[in-house]
Amino acid sequence: MHSAINLPAISSRTPLKHISFRNTSSQFSRAFGSSQTNRVKHSAHDFEFLPNNTLPAKPRKTGLTEIRGPYYAPVTQTYLDDLLKDWGSYVDGVKFAGGSFSLMPPDRLRALIDTAHDYGCYVSTGGFIERILSVSSGNQGVIEKYLRTCKEFGFDVLELSSGFLSLPADDWAALVELTASQGLKPKPEIGIQWGAGGDASVAELEAAGTRDPKWLIDRANKFLDAGAYMIMIESEGITENVKEWRTDVISAITSGLPKDKIMFEAADPSVFAYHIQNQGADANLFVDHSQIVQLACLRKGIWGTGETFSRIVTYGGYQGSNKG
């Protein structure tokens, strides 16, 4: 037990000027400071001795984690800085959604992009090109100005979505080439669901119908030939807003396209767990910013659900040769 602290005797009639607090600070220090001074000085890597999965270091080609930035919840510069300060080694990209970046004050947008870059993360526009194509009727001047402006603000990746649009494959491929010519990395988003991207009901999407997986794979290969950096696989119609997951489509995609060129939308823990189980810890995945920790624990094999606990493993020799 701590020794008693001898404070000066004070009565209700004692004037404050007659009260002496000399040496009381040292008494407080002796009473409460011992636990501070006796603490072990820890290093920054105390738990490195614990075994976990070997994953490629940044920059990497596989095992990419792209997170959703501002949309469902504001993601401020302060929040992003704190988030990446703790978890930046597990995050490869930050994606704006719904054209949210176009509503931000320019200086705040630049600060947010700069913060992501400070932690070695690329920044993606999300699929806002759909809005640009729609309101401009595909006007080349407007589209080129949009691309230049994105580049000037510091965006690295430009997602090329068309879930709401009927866009000829050749026009889509031309957009890939145009985007690359502006110094941006083209990332077409392709899915099997018509009308994907608007969080429609299951009934609405069923009525709209789905495309054959071969349609998706053929276009993905065409866009890769045109210079696409990565193909984003739209989750609607596959694992989102469906009565049953289309695991057959996932198998067709992973069999028909290079692993380091596809990224699956997986903003649901059960979905990214499925992809890790079936593709391995180095699957490229897009998740919400709130799910970084859960996904990192799963990739590293240190935690999981009953189906994944201690069952996600890697082979260090392969991972060592797989650096970006």
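User: In this predicted model, which residue follows helix 6 with a positive phi?

Analyst: The model is predicted, so every value here is computed from it. Helix 6 is followed by a glycine whose phi is positive, near 105°. That residue is Gly154.

User: What span is expected for helix 6 at 1.5 Å a residue?

Analyst: Helix 6 has 14 residues. Its first and last C-alpha atoms lie 20 Å apart. That is close to the expected span, which is 20 Å.

User: How wide an arc do the buried residues of helix 6 cover around the axis?

Analyst: In helix 6, the buried residues are Ile143, Tyr146, Leu147, Cys150 and Phe153. They sit on the same side of helix 6, because the arc they cover around the axis is only 130°.

User: Which exposed residues does the opposite face of helix 6 carry, turned away from its buried side?

Analyst: Buried residues of helix 6 include Ile143 and Leu147. What covers the buried residues includes helix 4, helix 5, strand 4 and helix 7. The face turned away from the buried side carries the exposed residues Gln140, Lys145 and Glu152.

User: Is Asn139 buried, exposed or partly exposed?

Analyst: Buried means under 20% relative accessible area, and exposed means over 50%. Asn139 has a relative accessible area of 38%. So Asn139 is partly exposed.

User: How far apart are the end C-alpha atoms of helix 9?

Analyst: Helix 9 covers residues 213-225, which makes 13 residues. At 1.5 Å a residue, helix 9 should span 18 Å. The distance in the model agrees with this: 19 Å.

User: What arc do the buried residues of helix 9 cover around the axis?

Analyst: Pro213, Leu216, Ile217, Ala220, Phe223 and Leu224 are buried in helix 9. They lie on the same side of helix 9, because their arc around the axis is only 130°.

User: Which exposed residues are on the face of helix 9 turned away from its buried side?

Analyst: What covers the buried residues of helix 9 includes helix 7, strand 5, strand 6 and helix 10. The face turned away from that buried side carries the exposed residues Lys214 and Asp225.

User: At the start of helix 9, which residue has a side-chain oxygen that reaches the backbone nitrogen of Lys214?

Analyst: The contact is at the start of helix 9. The oxygen reaches to within 2.7 Å of the backbone nitrogen of Lys214. The oxygen belongs to Asp212.

User: What kind of aromatic pair do Tyr71 and Tyr72 form?

Analyst: The structure holds 11 aromatic pairs. In the pair of Tyr71 and Tyr72, the ring centres are 4.7 Å apart and the planes are at 70°. Planes over 60 degrees apart count as edge-to-face. So this pair is edge-to-face.

User: Over which ring does the charged end of Arg110 sit?

Analyst: The charged end of Lys95 sits over the ring of Phe286, 4.4 Å from its centre. The charged end of Arg110 also sits over a ring, 4.2 Å from the centre. That ring belongs to Phe153.

How values were computed
Residues are numbered from 1 along each chain as its sequence is written. This is a predicted model: local features need pLDDT of at least 70, side-chain atom pairs count only at pLDDT 80 or more; totals for chains, interfaces and linings use all residues. Side-chain values use heavy atoms; hydrogens and water are left out. Helices (H or I, at least four residues) and strands (E, at least two) are DSSP runs, numbered from the N terminus. The expected span of a helix is 1.5 Å times one less than its number of residues. Buried means under 20% relative accessible area, exposed over 50%, partly exposed in between (1.4 Å probe, protein chains only). The arc is that of the directions from the helix axis to the C-beta atoms. Contact means heavy atoms within 4.5 Å. A polar contact is a pair of N or O atoms within 3.5 Å; within protein, one must be able to donate a hydrogen and the other to accept it, and residues adjacent in sequence count only if both atoms are side-chain atoms. Rings of Phe, Tyr and Trp (its six-membered ring) pair if their centres lie within 6.5 Å; planes under 30 degrees apart count as stacked, over 60 as edge-to-face and the rest as tilted. A charge sits over a ring if NZ of Lys or CZ of Arg is within 6 Å of the ring centre and within 35 degrees of the ring normal.
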